[in-house]
Amino acid sequence: MRVNRVVGRFAPSPSGRMHLGNLWSCLLAWLAARSASGGMVLRLEDLDPDRCRPEYCDQVMRDLEWLGLDWDGQPVYQSRRTERYKQAFQRLEQQGVIYPCFCTRAERLAASAPHRSDGTAIYDGRCARLSQWERVELSKTRRPAWRVRVPEQEIAFTDLLQGGFREVLARDCGDFILRRSDGVYAYQLAVVVDDADMGVTQVVRGSDLLSSTPRQMWLQDRLSLPHPAYGHLPLLLARDGRRLAKRDRDRELGQLQREYTARSLVGLLACAANLIDRPEPITPRELLPLFSWEKLPREDITI
């Protein structure tokens, strides 16, 4: 029986300099793929024109190369793939599972069910109940976003690190946005199309995206696309317990490069991942024979 080749991916958002948490995900995604003699795709998730800039894309590539991480082929830019997202959107539209949402941000919050445990409000689907006349009238003054109507369906999968995870879509995530009111396609749709088109078989990313996986798997089923394997890493936390964030310039790479060499920074991350005993200088390639899913921590790490 032929075993499919592992293909992993880096998928950074070029909205600023990468921070230590981004490097953590990139390093472990690379090790997971390359230790299995697999491929690696670089996808720049630059869909948001308000936040992403070409110079940030170039910086991402320079930073990955500085760290010693390579990829196969040319980098892929999401901003150049809108036609593919449009095709997927139209297919869902033909299935009758999307609808226009005219709510402002304040109205969305007012129309939300109680928050999930991660603080995210769950939209109650009020715009799905609008009549055709109401939609026509609202469209005269507002440009709608577009949501997908999710069913009362449970999606379950086994994560490579976190184990069994399940959600009931309507209860736990609610109808989510596929295209913003400014016409920009949403992350959930773009990532599903991209992973399939690029032959990605293994997605390694932070555990903050764990709850996105069931809705992505549901979209994959609607679009007749394969499911990759998923591995959600524990997050790196600032010393005050916050998640590292670009907007706060937490441990961003410009600062880190003044404190560490590339080999010493890799060693710091490798030690946090339980791949080596002490934070000693090492290259990503030297870590390949040491990588094991069983060694990786499951709980968030203060660093």
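Reply: Buried means under 20% relative accessible area, exposed over 50%, and partly exposed in between (1.4 Å probe, protein chains only). This is a predicted model, in which local features need pLDDT of at least 70, side-chain atom pairs count only at pLDDT 80 or more, and totals for chains, interfaces and linings use all residues. Residues are numbered from 1 along each chain as its sequence is written, and side-chain values use heavy atoms, with hydrogens and water left out.

Me: Is Cys26 buried or exposed?

Reply: Cys26 counts as buried because its relative accessibility is 7%. Cys26 lies in helix H1 (residues 20–34); helices (H or I, at least four residues) and strands (E, at least two) are DSSP runs, numbered from the N terminus. Beyond residues up to four places away in sequence, Cys26 touches Phe10, Met18, Leu64 and Leu69, where contact means heavy atoms within 4.5 Å.

Me: How many disulfides are there?

Reply: A disulfide is a pair of cysteine sulfur atoms within 2.5 Å. By this rule the count is zero. For Cys57, the closest cysteine sulfur, in Cys52, is 6.9 Å away, too far for a bond. The sulfur of Cys173 is 14 Å from its closest counterpart, in Cys101, also too far.

Me: What order do the strands of the open sheet have?

Reply: Strands of a sheet pair through backbone hydrogen bonds, either parallel or antiparallel. Two strands pair if DSSP finds at least two bridges between them. Here the order of the three strands is S4-S7-S10, with antiparallel pairing. Strand S4 (98–101) and strand S10 (176–179) are the edge strands, each pairing on one side only. Four bridges join S4 to strand S7 (residues 145–148).
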